[in-house]
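Here is a briefing on a ligand site and the spaces around it. Please look at the model before reading on.

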Amino acid sequence: MPVRIVDRISVVEGDITQQQVDAIVNAANQTLLGGGGVDGAIHRAAGPELLEECRSLGGCRTGEAKITKGYRLPAGYIIHTVGPVWSGGLAGEDELLASCYRKSLMLAESHDMKTIAFPAISTGAYGFPLARATLIAVRTVLEFLSQSPGIEQVVFVCHGDRAFRIYNDALRTLAGKDSPSRQPEMSTSTSEDRESSGISGEIRRQVDGQLLMIESVHGIRIVNRDRLLDKIIDAARDTGHASRITAALNSWVAVNGITGDAEIPAEVIRRILARTGP
Ligand code: AR6
């Protein structure tokens, strides 16, 4: 019986330097020469040889990743990635953050690693809003795992219980552990979002990603996907509302044991929109 993608992800609260995995990911800066936060903790725990190896790497661009040995860490390797500095959300931060997760996983996979631990990249000194960053992290990892059987376990290491709660909520929202009546406790929507002209594009990207998650988590193909996407976008008031609609759809797919190529009946969508509507 194949392991479900969602079971290849775990969320723990703690210190990433203590994780017993093949590689831990460092939220570094472009110099790769150390810093504060998780970067400082990793350099302290790995020892001075790490800095020596980092000097030979010639830095790293935002959204990219490079690898070193783990030295005194329990983890054999460290994957250093540089997250975007948050500057309001319209400067490509979402895509750059997704790229950090994707490139790190690609590096791990190309080194035949099975287990990898991530911190919440960019959410400390770089100021990326945690809830939004978490959705991107979880979505990108789900997407990657759905296409690559090689990585067996991805651990999200949360610094503090607020992050722990937000990660678990994101996993429920995106990977379908929600019950139909439960409203997600988090939303990527803010009043600033709603005022910005990019809101409909943001809802489209989000719903598109969530439909993809539903398909990959349940191993189905939604044949009327495009029409469904348009209907949800037309109905959704904001990203939080869109999340409630897709969470309800996800539950419907799970409860009804939908498999293979599936057409979501218009009546089902009508009922979901009526139940989650204003
Ligand atoms: N284990 C797990 N998570 C941690 C740990 C730890 N030991 N320590 C902090 N965090 P940050 P950034 C969490 O600032 O925002 C550095 O100076 C923390 O709570 O480390 O990507 C670099 O050199 C937060 O949620 O990274 C760069 O200059 C998350 O790790 C810059 O900061 C990331 O916070 C990078 O900023």
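Predicted model: local features only at pLDDT ≥ 70, side-chain atom pairs only at ≥ 80, totals over all residues.

Residues are numbered from 1 along each chain as its sequence is written, and side-chain values use heavy atoms, with hydrogens and water left out.

**Ligand shell**
- The ligand has 20 residues around it, and G36, V38, D39, T123 and A125 come nearest. A residue is near if one of its heavy atoms lies within 4 Å of the molecule.
- By class, the shell holds 8 nonpolar, 10 polar and 2 charged residues. Gly counts as polar here; Ala, Val, Leu, Ile, Met, Phe, Trp, Tyr, Cys and Pro are nonpolar, and Asp, Glu, Lys and Arg are charged.
- α1 gives the largest share of the shell, 4 residues. Helices (H or I, at least four residues) and strands (E, at least two) are DSSP runs, numbered from the N terminus.

**Ligand contacts**
- The side chain of N29 places an N or O atom 2.8 Å from an oxygen atom of the ligand.
- A polar backbone atom of G36 is 2.7 Å from a ligand oxygen.
- For S122, a polar backbone atom is 2.8 Å from an oxygen atom of the ligand.
- Protein covers 86% of the 700 Å² of accessible area that the ligand has on its own (Shrake-Rupley method, 1.4 Å probe).

**Pocket**
- The ligand sits in the second largest pocket; that requires more than half of its atoms to lie within 2 Å of the pocket's grid points.
- On a 1 Å grid over the protein atoms alone, a pocket is an open set with protein on both sides within 12 Å along at least five of seven lines, while a cavity is a set of points where a 1.4 Å probe fits but cannot get out; lining residues have an atom within 4 Å of a point.
- This pocket contains about 590 Å³ of space.
- Its lining has 26 residues, with A27, G37, V38, D39 and G124 nearest the centre.
- β2, α1 and β6 (153-158) each supply at least two lining residues, and α1 gives the most, with 4.
- The lining divides into 14 nonpolar, 10 polar and 2 charged residues.

**Cavity**
- The count is 1 cavity of 30 Å³ or more.
- The largest cavity holds about 40 Å³ of space.
- T173, L174, Q210, M213, I214, T246, A247 and N250 line the largest cavity.
- α5 (161-175), α7 (199-218) and α9 (239-255) give two or more residues each to this lining.
- The cavity lining has 4 nonpolar, 4 polar and no charged residues.

Note on methods: Polar contact = N/O pair within 3.5 Å; in protein donor to acceptor, adjacent residues only side chain to side chain. Points joined across faces, edges and corners; volume = space filled by probe spheres on them.
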